[in-house]
Amino acid sequence: MTMLDAFFRIHDFLVEHSSMPIRRLLMDEINWEDRLIAIKGGRGVGKTDFLLSRAKEIEQQWKEARQQEEFTSKKKRKEAEEVRPCLYVNLNDFFFTDHSLVEFAGKFAKAGGKYLFIDQIFKYPTWSRELKRCYAKYKDLHIIFCATPVMPIDEENNDLKDIVKTYNLRGFSFREYLNLQTGLRLHSYTLEDIIQHHSSISREICERVQPLKYFKAYLDHGYYPSYLESKSFEAALLKVMNSQLEVDVLMIKQIDVACLHKLRKLLHILMRDAPCALNISSISEEIGLSRATTMNYIKYLKDSRLINLLYMENKNFPMKPTRVYMHNTNVAKMIFTREVSPEDLYETNFYTAIHGSHKVNATDRSAMFVVDGKYYFDVREKASVRDTIRPTAVAELETGRGNQIPLWLLGFLY
C-alpha cells in the first residue's frame, strides 16, 4: 500500500460519513477554477463538512464523466478509474511531522490528482510559505484549505497576497435554518430587495410557512450546525467557545497559556454586559491587565468570532468601539448569570445577519445602526401603529408594512 492509499482510505471513510444537511449558499458563490482558495470561518460553522461535501460532488462528477464518450475504450476507462481527482487531508496527521506539504502535494499531483482539500492547516508551521510553493510548482492542482478567522490571509500575508481567494463560511442563516426545519427551498434576497419589496416578499414566504414559529428557536440554537446532533447543544457550544480561546487566540496568536484565565474572564465580562459600551479602564482593572493589552485581547475575541465590535463610521481598531455585541444570539444566551433581554437579542441578531456582507456602523443620528453608509436602521420588538420614518427591523412582525421590516426576513440575506 502506498502512502497515498492510506490517505485515500481515510478520505473515503470521511466522505462517506460526512453530512451537510443542506447545500450552503457559499458552495455556488465560489469560483472553483481558482487554484488556491481559503475557506475562512469560525469554529463550529461546518468548514470540514463543507470541504467533504465539495469533494463528494467532484467525485460524483468524475464518475459521471467516465460514462461519457471520452472513456468508452477499455484502456481509457481503466486509466480513468485509477485516477483519484480529489483528496481530503488533515494536517494534524503525524505524517506531516516528517514530510513536507510540498512533497505530499507533488505526489498527489503526479498521480493525477486535481483537487487537494486541506484541514487544520494552522498546525503546520510553514503552511503559507509551502502553499505558495505548491501554487508555483503544480499548475494543474487546485488547493482548497480551511482557515480560522485569526489566521493571516490575503493582504496580511506576504506569501499568499495576490494568489489566494478567500471566502467566509458563516453559521446557518435563519433562511437555512428554516429550510432545514421545514424541508422547503426558500431562496435568499439582497438587502436592497428586502428594503424595497419586504411586504410582498414576506407575504409570499408566509404563504408557505409561519417564520415566527421558528424564529425564537433559531435565536436560541440555530446558528451552529451542532444543534442537529443529539448531544447537548450548550455543551457542544461551550466546547467550541473554549477551542476559540485556547486554539484560535492562545495558540495561533502565540499568547502565554498563563493568560488564559484572564482571557476567559474578559469574555465573561463582555457576555455579562453585552450589548454594551466599553469601559476599558474598569475592565482592565477587573482582570488585571493594561489598557493596551485589554484592547488587544478584545480585538482577538472579535477576530475569533466570539464578539462583534460596532464602530462609528470611519473609525476602527485600535480606537474604542461604540458598543460590543456577542457574535451571535446563540453565544449571547450562554451567559447563565442573567436573563438576556429580548431587545438585546434582537439587536444582536440584526448585527449578525447584516454584517457578514455589509458594513454596519453606529451613527450619531437617532438611528441605532447605519448600513453601508446609507441605510439608517432601528430595531424594535413590536410594530408601531404608525409607520416609522426610517427602515425598522421589527422582531414580532410576520409581514412587512411601510418602513417596518420583519426582523426574521433579514435572515434571508444568505
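## Cysteines, fold and two residues in a predicted model

The sulfur of Cys134 lies 16 Å from the closest cysteine sulfur, that of Cys146, which is too far for a bond. A disulfide here is a pair of cysteine sulfur atoms within 2.5 Å. The structure holds zero disulfides. Cys146 is in no disulfide either; its nearest cysteine sulfur, in Cys86, is 14 Å away.

The model is predicted: local features need pLDDT of at least 70, side-chain atom pairs count only at pLDDT 80 or more, and totals for chains, interfaces and linings use all residues. Residues are numbered from 1 along each chain as its sequence is written, and side-chain values use heavy atoms, with hydrogens and water left out.

**Burial of selected residues.** Buried means under 20% relative accessible area, exposed over 50%, and partly exposed in between (1.4 Å probe, protein chains only).

| Residue | Relative accessibility | Class |
|---|---|---|
| Cys134 | 1% | buried |
| Cys146 | 4% | buried |
| Ser173 | 2% | buried |
| His261 | 58% | exposed |

**Overall fold.** The protein has 15 helices and 12 strands. These are DSSP runs numbered from the N terminus: helices are H or I with at least four residues, strands E with at least two. For 414 residues, a compact globule would have a radius of gyration near 22 Å; the protein has 23 Å, which agrees. That radius is taken over C-alpha atoms, and the globule rule is 2.2 Å times the number of residues to the power 0.38. Along the principal axes, the C-alpha atoms fill a box of roughly 75 × 55 × 40 Å.

Of the 414 residues, 53% count as buried. The accessible surface comes to about 19900 Å², and 47% of it belongs to carbon and sulfur atoms. Areas come from the Shrake-Rupley method with a 1.4 Å probe; for residues, only the protein chains shown count as cover. Contact means heavy atoms within 4.5 Å. Among contacts between residues at least 6 apart in sequence, 66% join residues at least 24 apart.

**Ser173.** This residue sits in the loop between strand 5 (165-168) and helix 7 (174-182). Its relative accessibility is 2%, so Ser173 counts as buried. Neighbours within four places in sequence aside, Ser173 is in contact with Tyr218, Gly411 and Tyr414.

**His261.** Helix 11 (residues 260-273) holds His261. The residue is exposed, with a relative accessible area of 58%. His261 and Ile287 are 26 residues apart in sequence; their C-alpha atoms are 9.1 Å apart in space.
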